[in-house]
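Good morning, and thank you for making time for this presentation. Please keep the sequence and the structure in view while I speak.

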Amino acid sequence: MSLPEDYLKYPHRSHGMDHTLYPWSNLMDRKPVKWPDDKSVALWITVALEYFPLTPNDGPFRAPGHMVTPYPDYRTFTTRDYGNRIGVFRIMKVLQKLDLKASAPMSVEAAKRYPALLEAVQKCDWEIIGHGMDMNHIHYGGMDADVEEKQIVDCLDDLEALTGRKPQGWLSPARSESENTLALLAKHGVEYVCDWVNDDMPYPMTTEGGPLAAMPHTMELEDRQLMVTLGQNEETYEEQILAAFDLLRQEAKTTGGRILHLSLTPYVIGQPFRIHILKSVLSKLVESGDIWSATGGKILEVWKQQS
Amino acid sequence: MKYDPGLYDYWPYENRPKITWPGGKKVAFWVAPNIEFYELDPPANPQRKSWPRPHPDIVPYSYRDHGNRVGHWRLMEMMDEFGVRGSISLSVAMCQHHPEIIEACAARNWEFFSHGIYNTRYIYGMDRAQEESILLDSIKTVEATTGQRIRGYLAPALTHTEDTIDLLAENGFWYSCDLFQDDQPQPLKTKNGNKLVSMPYSLEVNDHYAFNVYGQSARQYADLLKRQFDTLLEEGADSGTVMCIPLHAYLIGRAHRIGPFRDVLDYITSHKDDVWVTTASEIAEFYMNNCYDEALANIAAAQTPAREAS
């Protein structure tokens, strides 16, 4: 038994990355960034407003959070719907009280179906980020480029028509991209993408459709990842966010302003037994006096001015 | 296929010859940062898929890339603070992709050992010559970049063949981190009779298992490592033990984890009289020179005929 010769050939074995989307860069060697009012850490909160159809699409895979049981999966559908009806309003209340900004990746379908939710989001002055048509419209390697382009353009146009603003940012459903996604996003005027999880700060990307920035929309401190996927409790969730804040604040002293990104999922953190921990952790961050709360678009703007 | 790997004999954890580490220390402590390169679009191995989604599967790819952009620098600085040199489990193509990281480690006199070319090129399905070419490439690449002759191996993504252990013995390697049967080093059986040490590299205290398999928090992981150390220290009074902490900068180097990990290094290195803070090749060399032959004799004496169940 042996493997084909090509398996032991390494065509990209040279300095830097094995693709041309961005160069390698050491975070600690970059030009330090300064946030407004000299705050150490920019707090970027995102709230996912997703629409999961009762009829999941498996081409080529099912998005995380999607239906689980045989059709009709009322238990999952209604649990997700709980987030858009109840959970998100609890989050809004906490954020408003603390005067914190947020960005909301929103399925077009949710924006269309729930005008009251859209209105509430706009009243909070949250930034809306493109997040696909619904959680069935996945971008994936090998998909038809024209189909994908229509998916992206429709989403951006619909959100603009519904909100009066063209989204600056984009989070792909399930964070999944095709080989063309980045170029198409750049071509159609998207300024930043939230799918990549390799940095703690924004960084520039180069695509055939033009330049784009990757924002550090991480999975690391996501409520769903920690408390649902990994099964951690609320206290552990809070402890880790505070530990991250301490470290980033420390690092900011020598290497420039940092970003603490918190990804919130209304059907997770918006549960009655969990919402107290959001209040608790955000209050502690605010009390530190060392955070600058901003939307992704605003953080990017300040970062761009200095890099 | 073999019913039993046949790489070592059963050797119970009692009545073994006593190991005393240099300076009369009880625990040999080493830290193994895995410094890896994962390819975005590797060729397919017939027995294992690299990424779950169709190419480009950017999430697992970029998740790991975080280590080389961010996490590594945090981890290295912290190890400096406590005077701990890393023994690096290295995707040797890192010497080409990110020589900046390799140079920083070499300047600290850290040890390098091979973890394959890329962590997306698996050994499954290779013939003997192909697998040997991975070892030879590793030796040559690390030597050309750092001047260091590698002495250890951990198969890329833990993918092995029946030849792996013999190939190490035939190519001047001193130790393998591939087997998890023990908390002490021990001789491995090799066809050519060369000495080869099985080096304890615990999967159970690997940060990947702690965080992504067992779902632990940074604090829980730190507590776990301290308890691991406490037990190995207690047992090390009877006969020297080895404690390895296998790490990945893309996991331990995250902002919420590196702080709690600091407490671990502080705790372990504060036991100055009992802990030999060292590297894997130093442990292997000491073991081969001082313990190997006695261990072989003791293992042979411990073998008794298998009982019949009848």
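I shall take the two chains in turn, then the contact between them, and finally some individual residues.

A word on conventions. This is a predicted model, in which local features need pLDDT of at least 70 and side-chain atom pairs count only at pLDDT 80 or more, while totals for chains, interfaces and linings use all residues. Residues are numbered from 1 along each chain as its sequence is written, and chains are lettered from A and ligands numbered from 1 in the order in which they are written.

I begin with chain A. Chain A contains 10 helices and nine strands; helices (H or I, at least four residues) and strands (E, at least two) are DSSP runs, numbered from the N terminus. Its radius of gyration is 20 Å, close to the 19 Å that the globule rule gives for 307 residues, so chain A is as compact as a globular protein of that length. The radius is taken over C-alpha atoms, and the rule is 2.2 Å times the number of residues to the power 0.38. Along the principal axes, the C-alpha atoms of chain A fill a box of roughly 60 × 55 × 45 Å. Of the 307 residues in chain A, 48% are buried. Here a residue is buried if 20 or more other C-beta atoms lie within 10 Å of its own, exposed if 12 or fewer, and partly exposed in between, with C-beta atoms placed from the backbone. Among contacts in chain A between residues at least 6 apart in sequence, 73% join residues at least 24 apart; two residues are in contact if their C-beta atoms, placed from the backbone, lie within 7 Å.

Chain B has 11 helices and nine strands. A compact globule of 310 residues would have a radius of gyration near 19 Å, and chain B, at 19 Å, agrees. The C-alpha trace of chain B spans about 55 × 45 × 45 Å along its principal axes. Buried residues account for 50% of the 310 residues in chain B. For contacts in chain B between residues at least 6 apart in sequence, 76% join residues at least 24 apart.

In chain A, helix α1 (residues 74-97) and helix α9 (residues 275-287) pack at about 20°, with their axes 10 Å apart. Axes are lines fitted to C-alpha atoms, for helices over the stretch in contact, and angles run from 0 to 180 degrees between N-to-C directions. α1(A) and α9(A) are therefore roughly parallel to each other; angles under 35 degrees count as roughly parallel, over 145 as roughly antiparallel, 65 to 115 as roughly perpendicular and the rest as oblique. On the α1(A) side the contact involves Arg90(A), Ile91(A) and Val94(A), and on the α9(A) side Ile275(A), Leu278(A), Lys279(A) and Leu282(A).

In chain B, the axes of α1(B) and α9(B) come within 10 Å and cross at roughly 25°, which makes α1(B) roughly parallel to α9(B). Arg74(B), Leu75(B) and Met78(B) of α1(B) meet Ile258(B), Arg262(B) and Leu265(B) of α9(B).

Also in helix α9 of chain B is Val264(B). Is Val264(B) buried or exposed? Val264(B) counts as buried, because it has 22 C-beta neighbours inside 10 Å. Leaving aside neighbours within four places in sequence, Val264(B) is in contact with Ala222(B), Leu225(B) and Lys226(B).

How do the chains meet? Their contact takes 39 residues from chain B and 48 residues from chain A. On the side of chain B that touches chain A, α1(B) gives the largest share, 10 residues.

Lastly, the backbone. Most residues other than glycine have a negative phi, and most peptide bonds are trans. The peptide bond from Tyr71(A) to Pro72(A), however, is cis, with omega near -5°, and Pro72(A) is found in the loop between β1 (41-47) and α1 of chain A. The bond from His55(B) to Pro56(B) is cis, with omega near 0°; Pro56(B) is in the loop between β1 (27-35) and α1 of chain B. Asp125(A), a residue other than glycine, has a positive phi near 65°, and it counts as exposed, with 10 C-beta neighbours inside 10 Å. Asn15(B) has a positive phi near 60° and lies in the segment before β1 of chain B.
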